[in-house]
Amino acid sequence: MTTEASQDSTICPEISKNDHETIESKVTCCSVCKPGSTLKNKTGGWRNFRPVYNYEKCTKCGICEIVCPDMSVKPREDGFFEHDYDYCKGCGICANECPEDAIGMILEKK
Amino acid sequence: MTKVAPKMYLSSGHSGCAGCCDAFAAKFTLMGAGPNCIVVNPTGCLEVMSTPFPLSSWKVPWIHSLFENGGAVASGVEAALKALGKKNDTKVIAIGGDGSTMDIGIGAISGAFERGHDFTYICMDNEAYMNTGIQRSSGTPYDASTTTSPAGKFSFGNPRPKKNMPAIIAAHGSPYVATTSIGFPRDMIRKVKKAIEIVGPTYIHTHSPCTTGWGFDTSKTLEIAKLAVETGLWPMYDMEYGEITQVRRIKDPKPVEEYLRTQKRFKHLFTMEGGEEEIQKIQDTADWNIKHYGLK
Amino acid sequence: MINPAYKDKMVVVEGSYAVAHSAKTCHPNVISAYPITPQTHIVENLAQFIADGEIPNCEYLNVESEFSAISSLIGAAAVGARTYSATTSQGLLLMHEALFNASGMRFPIIMTIANRAVSAPINIWNDHQDSISQRDTGWIQLYVEDVQEASDTLPQIYKIAEDNEIMLPGMVCMDGFILSHVYEPVVLLEQNLVDNFLPSFHPENMLDPEDPKTFGAFATPDTYEEFRYLQEQAMQKALPKIEAVAKEFEEVFGRFHGGLVDGYMIEDAEIVIMSMGSVLGTVKDVVDQYRAKGEKIGVLKVRSFRPFPKEQIIESIQNAHAVVVLDKNISIGTNEGALFSETKSCLYNSKVRIPLVGYTLGHGGRDIRIESIVKVIEGTKAAAKAGIMVESQFLDLKEELL
Ligand SMILES: Cc1ncc(C[n+]2csc(CCOP(=O)(O)OP(=O)(O)O)c2C)c(N)n1
Ligand code: SF4
Ligand code: SF4
Ligand code: SF4
Ligand SMILES: [Mg+2]
């Protein structure tokens with residue numbers, strides 16, 4: 001069956017792969033969702049490459065946090081940052097943009 | 001240098017491609033706007049990837065209605081807030097793709113700007129209809145190959161230049177129109193902050209390279225965004241009441257070839273006979289921008 | 001039926017003015033409008049009320065199209081505003097996509113439709129093709145017979161639509177020109193009575209930075225069907241609500257125009273004429289003439305087309321010998337009007353077995369004459385005796401033009 005939804009998701013094939021077991025809330029009258037609830041989708045499973053920090057090189061500039069499209073770079077108490085591998089998709093942007101070359105990308109063992 | 005971490009109002013777990021441009025556009029918009037806003041998001045990648053019922057990546061109130069009515073829905077939100085005495089400092093923001101902004105939704109946006117609603121419209125320009133599979137839009141640049149403007153034996157791809165949407169909006173007498181790019185987060189965040197603080201209809205057009213639609217490695221989204229600016233192909237400026245008040249200067253513009261080479265959508269320009277002349281035409285566009293907007 | 005006690009309250013105004021006045025008393029927060037004949041006078045009158053400061057806490061949007069009129073009301077309703085628009089014909093068709101969206105998101109937006117034919121050929125006069133073509137959009141549709149009812153039905157439909165259990169948009173359909181442009185004596189709704197009758201609007205879900213909800217998410221096959229089911233459930237809940245609200249209205253205002261349906265001389269009727277809208281006035285005049293001759297003819301006015309009152313219709317016509325349905329619309333390719341098709345379908349699984357015939361008539365404002373109604377009644381009498389010869393047909397076709 002070709003619905004527009006399935007067509008539309010050809011580019012974002014992940015949509016159709018969504019883990020529907022996460023659906024707990026009942027269908028309400030209008031399609032109202034709770035804020036920030038996609039945290040249930042652990043997109044870390046998509047990753048082929050894993051970003052890793054070399055804190056010796058890091059200057060704590062904070063760029064990696066800003067340039068993550070998946071909000072998967074989290075600040076730590078000590079001023080450094082860490083990756084949230086639950087959601088990091090391994091795009092490599094943080095590594096590419098780090099001015100100090102302090103992030104490496106290593107092949108994910110699956 | 002330790003800074004206070006900016007609070008994120010878009011959460012992880014959305015299903016945009018790795019390295020997604022629309023996710024950046026939304027993230028930077030919310031970093032500029034903060035929590036006291038209402039977001040209207042017409043149909044497109046951002047809407048689909050961020051709200052798979054019953055889940056949502058948005059931590060601000062958000063509504064999706066249709067593909068072509070973002071401007072009108074936002075104007076209704078603004079009018080209702082005023083009528084109910086709830087406007088106060090709440091900002092109304094519409095954020096749509098190039099397709100919904102420059103093509104199918106342009107009438108509704110024009111109406112909202114002409115009526116003078118107090119809102120900010122943000123166009124995430126990834127230069128094609130990505131959500132339906134990379135079809136050409138009026139934001140697709142000259143010679144880009146898309147699924148509906150493919151390069152072929154008798155075609156170099158899209159035969160028309162990009163529509164100048166910021167100029168169209170500026171012609172409505174908007175107090176603030178700005179172009180920016182997701183490759184320059186600070187610039188974009190500053191412009192969003194400025195736009196939402198100005199009373200009246202304001203517009204931000206953010207250039208947004210799409211890894212899937214343009215054909216480049218997921219790690220290059222921001223790098224390519226910067227290249228577009230550094231070649232002069234994407235001029236970044238502030239405009240107040242139709243007058244350019246500030247431009248981002250580029251000291252040594254890079255040749256457009258450097259930008260074009262990074263993307264599969266321009267690959268044919270380097271393999272087809274006559275490609276060189278085509279690249280020259282694109283270089284001419286960049287040169288014109290540099291002169292016209294005083295980028296040097 | 002108008003209580004004689006109200007006679008001295010009556011003023012002669014244009015139908016559109018009475019409707020605009022009624023909309024004003026319902027205190028909408030956002031009105032979004034676009035001109036189109038024969039609806040224009042309604043939004044012009046509202047614009048004047050706004051200019052004179054007569055509608056408090058209300059924004060009036062001069063939008064650039066009907067598509068943006070309905071879209072802006074979707075945004076407004078999402079913030080918790082009571083909303084109003086009026087349109088017809090091409091304007092209503094232009095809204096089509098957004099009509100589904102408004103009902104799917106369960107926004108109780110209210111519109112008056114000054115029914116008009118649809119193009120091509122372009123024609124500005126009355127029939128019901130415009131709103132009938134929107135029957136599957138999930139909007140409540142109430143059809144009114146006269147100006148007083150057009151005006152009185154607005155506060156009723158707000159009350160129905162905004163019920164927490166219902167939350168569906170609704171349209172009051174009045175015949176263009178015939179009702180919108182006629183000057184008739186009416187009682188203009190009294191503000192204090194409307195305030196008593198219609199509670200203010202407090203939806204459960206709203207766009208609010210203090211409680212940031214997401215509206216209009218993407219539903220996969222896993223959930224989409226349930227949304228459609230819940231819309232249908234809400235429509236079913238609207239059935240008793242429409243009846244109840246009509247009675248409540250009568251208690252407060254002393255006027256009753258029918259609930260879901262309204263019978264006229266129908267108790268003992270052998271032949272029943274069913275229809276919607278202003279044509280019922282002409283039909284009732286003809287029925288009076290038949291009754292004067294001792295013939296048992298009756299009328300069933302269908303006020304609610306969505307939700308469709310199957311039970312009430314079956315009950316009202318079950319004892320007739322034959323029924324004729326008059327439709328000012330046609331579903332091209334079936335040779336039938338919508339009320340006829342739907343009435344027929346609701347009888348199929350019932351025990352009622354009576355001949356049912358249909359006429360599609362009055363297209364593009366074609367005059368519906370008394371002689372034609374007589375012809376219809378005579379034809380139906382024949383069907384009652386000898387069975388159906390022609391199930392559904394156009395009335396008053398000009399053979400010489402074909
Ligand atoms: C009226 C209508 N026509 C077509 C579509 C199909 N459609 C959905 S999203 C889309 C393209 C979106 O393009 P754009 O606005 O550039 O956003 P992007 O996905 O590229 O971010 C199209 C054509 C639709 N949903 N509605
Ligand atoms: S971008 Fe590099 S230098 Fe800056 S904080 Fe991140 S890892 Fe450290
Ligand atoms: S690799 Fe990509 S998704 Fe992962 S943390 Fe870096 S920028 Fe974020
Ligand atoms: S196709 Fe482009 S815009 Fe769409 S989700 Fe993928 S990267 Fe984002
Ligand atoms: Mg696009």
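Predicted model: local features only at pLDDT ≥ 70, side-chain atom pairs only at ≥ 80, totals over all residues.
**Close-up 1. Helix α1 of chain C, a mostly covered helix.** Running from residue 15 to 25, α1(C) has 10 of its 11 residues buried. After the helix comes C:H27, and its phi is positive, near 55 degrees.

**Close-up 2. The magnesium ion (ligand 5) and its donors in chain B.** Three residues coordinate this ion: B:D98 through OD, B:N126 through OD1 and B:A128 through its O atom. The distances run from 2.0 to 2.1 Å. Along the sequence, the donor residues follow the spacing D-x27-N-x1-A. As for cover, B:N126 and B:A128 are both buried.

**Close-up 3. B:T211 and its surroundings in chain B.** Look for this threonine in helix α8 of chain B, which spans residues 211-214. B:T211 has a relative accessible area of 7%, so it counts as buried, the cut-off being under 20%. A polar atom of the B:T211 side chain sits 2.9 Å from the backbone oxygen of B:F216. B:F216 also turns up among the contacts of B:T211 beyond four places in sequence, together with B:D217, B:T218 and B:T221. From elsewhere in the chain, B:C17, B:A18 and B:G19 are in contact with B:T211 too.

Conventions
Residues numbered from 1 in each chain as written. Chains lettered and ligands numbered in written order. Heavy atoms only, no water. Buried < 20%, exposed > 50% of the residue type's maximum accessible area, 1.4 Å probe, protein only. Helix = DSSP H or I, 4+ residues; strand = E, 2+ residues; numbered from the N terminus. Donors = N, O, S within 2.8 Å, 3.2 Å for Na, K, Ca; no water. Polar contact = N/O pair within 3.5 Å; in protein donor to acceptor, adjacent residues only side chain to side chain. Contact = heavy atoms within 4.5 Å.
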